[in-house]
Amino acid sequence: LDVLANENARAAIAMSVDKQAMCDTIINNGSKPVSYYVSKELAFNEAGKDYREVAGEMGYEHNDEEATKLWEKAKEEVGFDTVTLDLLTFDGESSKREAEFMQAELQGALPGLKVEIKTQPFKQKLELESKGDFHLSYAGWNPDYPDPLTFLETMQEGIQYAKNTNYNNAEYNKLVEEGKTAESQEESWAKYSEAEKMMLKEGYLVPLFQQGSSFLEKPYVSGRLTPSFGVPAIYN
């Protein structure tokens, strides 16, 4: 019984978590709720516009009522009344708290769903993901370079991140490749945003928040830079 193969089930799960509440009460470090994959303040065009501003909002927003409706449809389509799904996460304290929040949100919005949290050390978690030995996994991605491709390429066929989610869409692959070889940045971003929207609507990956950070710094400290990609901080 593969509940997660059902599009309505995936959409219901995507809508069930109150991302704003998660950022405000659980993470509480400046992280912002999102419904997109490519982060803000990463890539800019010649006019200085952020890719995110050009591409716009996309993906699923929090909506318990609609999530419940879609979940009931999924029950009829797949043929189940109750189901247990595991939620794979890291064994750090913050990851545990965040997983517990998601567990409560999912079980509260989706009748008949039981979520079992499966905490693992970093290495073991990655091994389980690579084997596909999980139902839901709490993970993140930090951009390596200032281009939307650093996110979008992860969901192309053959890339491990895409393998982990069982995502393989020939049209998505094609759009990303066309974006890579486009003659202009405008055309490239148009292809990228179309691919991003398509992928998110299929619900194999559910963006929750763009990570922030909080720290204390003495007034006399200077020369600390926080880039939007690569390393978390640079000291001059």
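**Exercise 1.** Find the place of Asp 2 and say whether Asp 2 is buried or exposed.

Solution. Helices here are DSSP runs of H or I with at least four residues, strands are runs of E with at least two, and both are numbered from the N terminus. This is a predicted model, in which local features need pLDDT of at least 70 and side-chain atom pairs count only at pLDDT 80 or more, while totals for chains, interfaces and linings use all residues. Residues are numbered from 1 along each chain as its sequence is written, and side-chain values use heavy atoms, with hydrogens and water left out. Next, check the surface: Asp 2 has a relative accessible area of 54%, so Asp 2 is exposed (buried means under 20%, exposed over 50%, partly exposed in between, with a 1.4 Å probe and protein chains only). Finally, look across the fold: Asp 2 and His 135 are 133 residues apart in sequence, yet their C-alpha atoms are 9.6 Å apart in space.

**Exercise 2.** Describe the surroundings of Thr 150.

Solution. First, locate Thr 150 in helix 7 (residues 149-152). With a relative accessible area of 3%, Thr 150 is buried. Now list its contacts (heavy atoms within 4.5 Å), leaving aside neighbours within four places in sequence: Leu 42, Trp 141, Pro 143, Asp 144 and Tyr 145. Of these, take Leu 42: 108 residues separate Leu 42 from Thr 150 along the chain, and their C-alpha atoms are 9.9 Å apart.

**Exercise 3.** Which phi values do Asn 28 and Glu 41 have, and where do these residues lie?

Solution. Take Asn 28 to begin with: its phi is near 50°, a positive value in a residue other than glycine. Asn 28 belongs to the loop between helix 2 (19-27) and strand 1 (32-33), and is exposed at 58% relative accessible area. Then turn to Glu 41, also not a glycine, with a positive phi near 60°. Glu 41 lies in the loop between strand 1 and helix 3 (51-55), and its relative accessibility of 57% makes Glu 41 exposed.

**Exercise 4.** How do helix 2 and helix 5 cross, and which residues make the contact?

Solution. Begin with the axes: those of helix 2 and helix 5 (residues 93-109) come within 11 Å and cross at roughly 140° (axes are lines fitted to C-alpha atoms, for helices over the stretch in contact, and angles run from 0 to 180 degrees between N-to-C directions). Then pick out the residues: helix 2 brings Ala 21, Met 22, Ile 26 and Ile 27, and helix 5 brings Arg 97, Glu 98, Phe 101 and Met 102. Sorted by kind, they give six nonpolar, no polar and two charged residues (Ala, Val, Leu, Ile, Met, Phe, Trp, Tyr, Cys and Pro count as nonpolar, Asp, Glu, Lys and Arg as charged, and the others, Gly among them, as polar).

**Exercise 5.** How many helices and strands does the protein chain have, and what share of its residues is buried?

Solution. Count the elements: there are ten helices and seven strands. Next, of the 236 residues, 41% count as buried. Last, consider contacts with a separation of 6 or more: 69% of them join residues 24 or more positions apart.
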